[in-house]
Amino acid sequence: MSFVFEVPKDYGYVLAVATSTIFINTYHKVLTAIARRASGIQYPTPYASQEQADKDPKAYKFNLAQRAHSNFTENHAPFVTALLVAGLRYPGPATYAGATWVAGRFAYAYFYTKYGPKGRTAGYVTSQVGKLAVTVMAVLTCYSLVQGA
C-alpha cells in the first residue's frame, strides 16, 4: 500500500535549519578536540577529574568544551523532532524559531567554552526561546492532525 505525504511549499527552509545543526555539532567537536589536545587528556577519558580541573586551567577548559557538547547532544534530538513536526503546519514560524535555536546554540558553545558557566546564559536563553516556540508549534500541529483539521 502506498502513502502520499505532502509537505508545505516552504518546508525546505525547515529542512535547511535542521541540516544546519550538523554544523553546530561539528563546531562542538572542533572546540572539544582543541581543548583535549591542549589539556593532554587522552582518549577515552571523557572528562578531566575534579583534581585535574582545579589544578590545570587547560583541563578545566576541556571539561567546559565537553560539557557544552554534551548539553548540545542532550537537546539536539528533541529539538529537531519538534522542528520537523512544527514545520508541517507552520513552516515559516518554525524556520525562524529554529534559526533562533541554532544561533543560541552557537553562542552557547562559544561563550560557555570560553568563559565557563557564567558565559552560557545568553546562548541558553536564546536557544530556549526558539525551542519553546518550536515545541508549542509541534504540539499544536499534532493536535490539529489528531483532530483531522
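Phe72 and Trp101 are both buried, where buried stands for under 20% relative accessible area, exposed for over 50% and partly exposed for in between, with a 1.4 Å probe and protein chains only. This is a predicted model, in which local features need pLDDT of at least 70 and side-chain atom pairs count only at pLDDT 80 or more, while totals for chains, interfaces and linings use all residues. Residues are numbered from 1 along each chain as its sequence is written, and side-chain values use heavy atoms, with hydrogens and water left out.

Let's stay with the rings. Those of Phe79 and Trp101 have centres 3.8 Å apart and planes at 10°, so this pair is stacked. Here rings of Phe, Tyr and Trp (its six-membered ring) pair if their centres lie within 6.5 Å, and planes under 30 degrees apart count as stacked, over 60 as edge-to-face and the rest as tilted. Phe79 is buried, with a relative accessible area of 1%, and Trp101 has 0%. Phe72, Phe79 and Trp101 form one aromatic cluster.

Now to the wider surroundings. The largest nonpolar core has 18 residues, and Phe79, Leu83, Ala86, Ala94, Trp101 and Val134 touch the most other members. Such a core is a set of buried Ala, Val, Leu, Ile, Met, Phe, Trp, Tyr and Cys residues joined through side-chain atoms within 4.5 Å. Beyond its neighbours within four places in sequence, Val134 is in contact (heavy atoms within 4.5 Å) with Phe79, Ala82, Leu83, Ala86, Ala94, Ala97 and Gly98. A second, separate core of 6 residues includes Ala35, Ile41, Ala59 and Phe62.
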